[in-house]
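Visitor: I have a structure open and would like to learn how to read its features. Could you take me through some of them?

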Amino acid sequence: MIETGPTSGFANEQVVSQIALPSQDEDVATLRRAIIAKLAYSVGKDPVAASDRDWFMATALAVRDRIIERWMTTTRAVKAEKRKRVYYLSLEFLMGRLLLDSVHNLGLTETMRAALRELGVDLDRLRTLEPDPALGNGGLGRLAACYMESMASVGVPAHGYGIRYDHGLFRQVIKDGWQQEFPESWLSFGNPWEFERPEVTYPIGFGGVVEAVDPDTPGGRGRWVPAETVDAVAYDTPVIGWRGEHVNTLRLWSARAPDPLRLDAFNRGDHVGALNARSRAEAISQVLYPSDESPAGEELRLRQEYFFASASLQDLLRRHSEEHGSLTSLSDQVAIQLNDTHPAIGVAEMMRLLVDGHGLAWDQAWEITTGVFSYTNHTLLPEALESWPVALMERLLPRHMQIIYLINALHLDELRARGAADEERLAAVSLIEEHGPRRVRMGALSFLASHKVNGVSALHTGLMRETVFRDFHSLYPDRIVNKTNGITFRRWLHQANPGLTRLLVDVAGPRVLDDPGAMASLVDQADDSSLHDRLAAVRRHNKLALASLVQERLGLKLDPSAMFDVQIKRIHEYKRQLLNILETVALYAAMRAHPTKDWTPRVRIFAGKAAASYHRAKLIIKLINDVARVVNADATLRGRLKIVFMPNYNVSLAETIIPASDLSEQISTAGMEASGTGNMKLALNGALTIGTLDGANIEILEHVGEDNIFIFGMTAQEVETRRARGIGMEETIAASPQLRQALDEISSGRFCPDEPDRYREIVDAVTHHDHFMVAGDFDAYADKQNDVAHRWRDQRGWWRSSMINIAQLGWFSSDRAVREYAEEIWKVPLKQ
């Protein structure tokens, strides 16, 4: 293998050093000439015949050239200075469109706009042609993307490792109100930001047998002879930080068959069978989160996770060996962050590579492994704490199963030696689930192998210690720490909301672009009515843009003077889109009953995808759309209530919805949302939050003050207490006329006359099995929505609260979060 950084391929590094970095104030003419050259020599088009997509490709390539120069400089500096690197392993990277992001971080936005204008091309039109890379599902992948950008911005040398999915999650289409899934073909026209590295290919084994090399040595080496091998091929994308001073690498792996065609079978006429091995291999990097309801789907999930973990570890060990020689210094030079349990199989793979591949003794290999790994937990939901059937592991990854057995045996023996004799407690911290079908518990493996384990909000971290990792925490009380999530302000403020950014710069000075904490100075001007007017004008401009998009896609006309009440996130029962639509049904009934009342005009906006196999979540989407169909067609409302479900929610759609939002719905069941980042993005853009005491809502409350947020509902402890009493809600519903009427209307078939019983299971669940406390929190939620309506009528008070939210959100920058990781977990010195 050769060095795989952006300087690869240069025989003489002096040649590289002669490349001149462009000036920060690169002139329009130079940029214009660069774009025309790319159009001609890379895209192969004459300007007179070029389409908008051709211009996009040429522009992206011209921008990429300017990033590459900085990328090479960064790579050489990190290598020369022998700086410690962070390797961020994540099954998802929801990067979003990169054109404007890159231009902005290079400081070339206005120069680029002018250069394109002279060519008769509009930058804003071009950016809409770039497909969203479909490499993530929601908060997990978007957090990884924010952290990649922030690591570059604060100067942390880092590589992101993941999978280059050909089709990503899925493209959501709403047909007759139902979600339908189609492949997301984001690579159809190529990806101008990436570099294929065919020379960077690693073999990934599956199945086969294990031969003992040192059978008499505890923890001795084994020789794994896989039955099947898949090649992992690297694709690199440079990730540029703010002001272009540092560039990191996102390396994604694509699966290939070593022999893509069985020529003997093909020549026998078996043209389909000749491609079987290729299809089986390439399935690994086809789709994010294939359904695991079938045994084949479950196996594919495990193959994906091992595929990218193994390729990433092989790659970083090769790099370290080339730069530092001995692997004994690995923990001094390498920090590996597991973004949830998906890469957890990397723990066993690291041990295999160190012991079997590099000949290290078991104890030394384990010390290195625990020195490099740290683990971020993102959920307390049992289904999200992955586990794999032992039988599947033994068949697919036999050597890794041996290693996990030994890790577990040594772990339990150590606890017994320390005096832990309670077998129930030992079973609770075992890596193998012994009650019921035997499964490997990947959360436990991640915890045991990591020197630090972090939650992503103060509440979530506390609940980790008290619930899912309670027994581990009692054994290792210093291991769990909190690192509240953050968001990159460059994308979610500067780019998504340029009008608000200009206002902030005018009021607080340009330092707000570099120091989010400087926004706090706005608090002193929160009562300034002229600023209220400017903020309202910015919001109206953004609402008009969203209204235009809604009309274009759905044919629905919205009133920008109405309150835009927004819930945009993955569809899940614990996120409680059901609570929102139930209260909407109750509001609709009240508006019909009292048509002359001075109701606050509202637009309820939903967006989000349900997992393809999550029937209940897909039924909730259908309910939202059925209610929307009836409400939006009711002329008696005089436009005072509209319901919108925007299909195919992605980063680009969020960038349009968030700046236009007045009210942010963060209404998860308390104790079930780890943190959330949508709450931060919306509050940063001035939306007021209605939410429970869950996740980062609590920290937002602490920063903005209780007068500037609408908190309702049970606490996490109260939820647990109520569940312990039982989750039947018959008495609660009987005592709530609004809720009873809403459920009756849904049960009656008013919103689904073609199939009156369509929502019987939803009504039954809320009534008899309300695990997510929809009925339990309904009245508190409805009352708080009344408070919201009253506050909306006090526009001076509303905009004052909006300004305070914006001013006090500086702490939620991902730059702050990354610095905390670097200083307290990764031990990576930050350049001053």
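Visitor: Where is Glu-720 placed?

Guide: Helices (H or I, at least four residues) and strands (E, at least two) are DSSP runs, numbered from the N terminus. Glu-720 sits in helix α28, residues 716-725. This is a predicted model, where local features need pLDDT of at least 70, side-chain atom pairs count only at pLDDT 80 or more, and totals for chains, interfaces and linings use all residues. Residues are numbered from 1 along each chain as its sequence is written, and side-chain values use heavy atoms, with hydrogens and water left out.

Visitor: Is Glu-720 buried, exposed or partly exposed?

Guide: Buried means under 20% relative accessible area, exposed over 50%, and partly exposed in between (1.4 Å probe, protein chains only). Glu-720 has 44% relative accessibility, so it counts as partly exposed. From Glu-720 to Ile-240 there are 480 residues in sequence and 45 Å in space, C-alpha to C-alpha.

Visitor: And how does Glu-299 read, buried or exposed?

Guide: Glu-299 is buried, because its relative accessibility is 11%. Its place is in helix α10 (residues 295-324). Contact means heavy atoms within 4.5 Å. Not counting residues up to four places away in sequence, Glu-299 touches Arg-280, Leu-392, Arg-395 and Leu-396.

Visitor: Which residues have the most contacts inside the largest nonpolar core?

Guide: A nonpolar core is a set of buried Ala, Val, Leu, Ile, Met, Phe, Trp, Tyr and Cys residues joined through side-chain atoms within 4.5 Å. The largest one here has 263 residues, and those with the most contacts inside it are Met-151, Val-156, Trp-253, Phe-307, Ile-336, Ile-404 and Trp-826. Helix α3 (residues 52-80) gives the most to this core, with 11 residues. Take Met-151: leaving aside neighbours within four places in sequence, its contacts are Val-86, Tyr-88, Val-156, Ala-158, Asn-248, Val-818 and Trp-826.

Visitor: How do I read the packing of α2 and α3?

Guide: Two packed helices are described by the angle between their axes and the distance between the axes. Axes are lines fitted to C-alpha atoms, for helices over the stretch in contact, and angles run from 0 to 180 degrees between N-to-C directions. Helix α2 (residues 28-43) packs on α3 at about 115°, with the axes 8 Å apart. On α2, the residues that meet α3 include Leu-31, Ile-35 and Leu-39, while those on α3 include Trp-55, Met-57 and Leu-61. Ala, Val, Leu, Ile, Met, Phe, Trp, Tyr, Cys and Pro count as nonpolar, Asp, Glu, Lys and Arg as charged, and the others, Gly among them, as polar. By that scheme, the contact of α2 with α3 has 10 nonpolar, 3 polar and 4 charged residues.

Visitor: What is the angle between α23 and α32?

Guide: Helix α23 (residues 577-593) and helix α32 (residues 774-793) pack at about 55°, with axes 10 Å apart. Angles under 35 degrees count as roughly parallel, over 145 as roughly antiparallel, 65 to 115 as roughly perpendicular and the rest as oblique. α23 and α32 are therefore oblique to each other. Among the residues making the contact are Leu-578 and Glu-583 of α23, with Phe-778 and Tyr-781 of α32.

Visitor: Which phi does Asp-176 have?

Guide: Asp-176 has a positive phi of about 55°, although it is not a glycine. Asp-176 lies in the loop between β3 (171-175) and β4 (178-182), and it counts as exposed because its relative accessibility is 62%. Asn-648 likewise has a positive phi of about 55° without being a glycine. Asn-648 is in the loop between β19 (641-646) and α25 (651-657), and is buried at 16% relative accessible area.
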